[in-house]
Amino acid sequence: MKPAPPDIEARVERLYDTNQRRDFTAFRALVHPRLEWPDLTRGGTLDSPEAVRDYWAYNDRALRIEMTPVKVELDDEGRVVVLANQVVWNLTGKLWSDLMVRHRYTLRDGLFWRMEVLEIDRSKP
């Protein structure tokens, strides 16, 4: 792994910011029109930006999720790997979880195309 260049790091920060603000127009400008995104709530794969928007709406009925990128790197194949802090609350404000997650993105035509959630070895301090 090597540090991501500043332009990639800036695009990752914009991606997470659009998700945080639920700014679909800005999100759509960053992602490929035919994407592969995990549906972590119901299972399966989301295949369009509109499907991601619907996923946000579904989750927002029960949860509030904040994700903040902490570290952005490139793997040996040029994919973008993001270590992010994920904090989840229920709608009454009760904290459900606060943990680190790792996402891997593949770019296509300069846009975020595929998102994968990677395992983190939680046995390491």
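This is a predicted model: local features need pLDDT of at least 70, side-chain atom pairs count only at pLDDT 80 or more; totals for chains, interfaces and linings use all residues.
Setting aside neighbours within four places in sequence, which residues does tryptophan 37 contact? Among them are Leu15 and Tyr105, along with Phe27, Val31, Leu46, Val52 and Phe112.

## The sheet, strand by strand

Now follow the strands across the model. They form an open sheet of seven strands in the order β1-β4-β5-β6-β7-β2-β3, and the pairing is mixed. The edge strands are β1 (2-3) and β3, each of which pairs on one side only. As a reminder, strands of a sheet pair through backbone hydrogen bonds, either parallel or antiparallel.

Next, β4 pairs with β5 in the antiparallel sense over eleven bridges, and valine 72 stands opposite valine 82 in β5. β5 and β6 are also antiparallel, with ten bridges, and valine 87 has aspartate 98 in β6 as its bridge partner. Then seven bridges join β6 to β7, again antiparallel, with threonine 106 partnered by arginine 114 in β7.

## Turns between the strands

Which residue in the hairpin of β4 and β5 takes a positive phi? It is glycine 78, with a phi near 85 degrees, and this hairpin has five residues between the strands. The hairpin of β5 and β6 has four residues between them, and glycine 93 in the turn has a positive phi of about 95 degrees. Between β6 and β7 there are two residues, and aspartate 109 in that turn has a positive phi of about 55 degrees.

## Helices across the sheet

Helix α1 lies across β2, β4, β5, β6 and β7, and it runs at about 175 degrees to β4. Helix α3 lies across β2, β3 and β4, running at about 45 degrees to β2.

## A closer look at leucine 46

Is leucine 46 buried or exposed? Leucine 46 counts as buried because its relative accessibility is 7%, and buried means under 20%.

Leaving out residues up to four places away in sequence, leucine 46 touches Leu35, Glu36, Trp37, Pro38, Asp39, Ala51, Val52 and Tyr55.

## The largest pocket

How can we find empty space in a model? Rolling a probe the size of a water molecule over the atoms shows where empty space is left. Here, the largest pocket has a volume of about 530 Å³. It is lined by 30 residues, and those closest to its centre are Leu40, Tyr55, Met67, Gln86 and His103.

The elements giving two or more residues to the lining of this pocket are α1, β2, α3, β4, β5, β6 and β7. Which element gives the largest share of the lining? That is β6, with five residues.

Notes
Residues are numbered from 1 along each chain as its sequence is written. Side-chain values use heavy atoms; hydrogens and water are left out. Buried means under 20% relative accessible area, exposed over 50%, partly exposed in between (1.4 Å probe, protein chains only). Contact means heavy atoms within 4.5 Å. Two strands pair if DSSP finds at least two bridges between them. Axes are lines fitted to C-alpha atoms, for helices over the stretch in contact, and angles run from 0 to 180 degrees between N-to-C directions. On a 1 Å grid over the protein atoms alone, a cavity is a set of points where a 1.4 Å probe fits but cannot get out, and a pocket is an open set with protein on both sides within 12 Å along at least five of seven lines; lining residues have an atom within 4 Å of a point. Grid points are joined across faces, edges and corners, and a volume is the space filled by probe spheres set on the points.
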